[in-house]
Amino acid sequence: MEKLIISEQDIINAVCIYISRKKQIQPEEVEVELMYDDNYGFSAEAYTHERKQVLITANLIEALRLWLDEYTNKDPLAGIKLLLDDEMGIIAEVN
């Protein structure tokens with residue numbers, strides 16, 4: 001079965017949608033910075049109206065599941081793995 005690769009920009013878009021739903025604002029009102037740390041793994045900082053929210057890996061996966069469910073024909077419960085790629089940055093692989 002072919003694996004789907006989700007780009008860094010699509011991960012950012014997914015987080016914007018995820019945060020906008022939780023805060024009841026427009027996705028365009030959310031700014032996201034993805035991060036990777038050897039000790040803590042993947043995370044993100046989301047900024048809305050000058051407030052910062054830190055998201056851990058589980059939150060990123062939850063955002064990607066929402067995005068997969070609403071914007072693709074892929075199973076949102078499929079295995080999602082975040083990866084750090086030298087050329088593409090932070091990406092996700094969906095089985």
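What is the order of the strands in the open sheet, and in which sense do they pair? The exercises below work through this and related points.

The model is predicted: local features need pLDDT of at least 70, side-chain atom pairs count only at pLDDT 80 or more, and totals for chains, interfaces and linings use all residues. Residues are numbered from 1 along each chain as its sequence is written, and side-chain values use heavy atoms, with hydrogens and water left out.

**Exercise 1. Describe the sheet.**

Step 1. The open sheet has 3 strands in the order E2-E3-E4, with antiparallel pairing. Strands (E, at least two residues) and helices (H or I, at least four) are DSSP runs, numbered from the N terminus; two strands pair if DSSP finds at least two bridges between them.

Step 2. The edge strands, each pairing on one side only, are E2 (30–37) and E4 (51–56).

Step 3. From one strand to the next, the twist averages 20 degrees.

Step 4. Antiparallel pairing of E2 with E3 (residues 41–48) extends over 8 bridges. Glutamate 31 stands opposite tyrosine 47 in E3.

**Exercise 2. Determine how helices H1 and H2 pack against each other.**

Step 1. H1 (residues 8–23) and H2 (residues 57–71) pack at an angle of about 95 degrees, and their axes are 8 Å apart. Axes are lines fitted to C-alpha atoms, for helices over the stretch in contact, and angles run from 0 to 180 degrees between N-to-C directions.

Step 2. H1 is therefore roughly perpendicular to H2, a term for angles of 65 to 115 degrees.

Step 3. Contact means heavy atoms within 4.5 Å. Among the residues making this contact are Ile11 and Tyr18 of H1, and Leu60 and Trp67 of H2.

**Exercise 3. Characterise the setting of serine 20.**

Step 1. Serine 20 lies in helix H1.

Step 2. Its relative accessibility is 4%, so serine 20 counts as buried. Buried means under 20% relative accessible area, exposed over 50%, and partly exposed in between (1.4 Å probe, protein chains only).

Step 3. Leaving aside residues up to four places away in sequence, serine 20 touches Ile25, Gln26, Pro27 and Val30.

**Exercise 4. Classify the aromatic pair.**

Step 1. The structure holds 1 aromatic pair. Rings of Phe, Tyr and Trp (its six-membered ring) pair if their centres lie within 6.5 Å; planes under 30 degrees apart count as stacked, over 60 as edge-to-face and the rest as tilted.

Step 2. Because the planes of tyrosine 36 and phenylalanine 42 stand at 55 degrees, with ring centres 4.8 Å apart, the pair is tilted.

Step 3. Tyrosine 36 is partly exposed at 38% relative accessible area, whereas phenylalanine 42 is buried at 11%.

Note on methods. Parallel < 35°, antiparallel > 145°, perpendicular 65-115°, else oblique.
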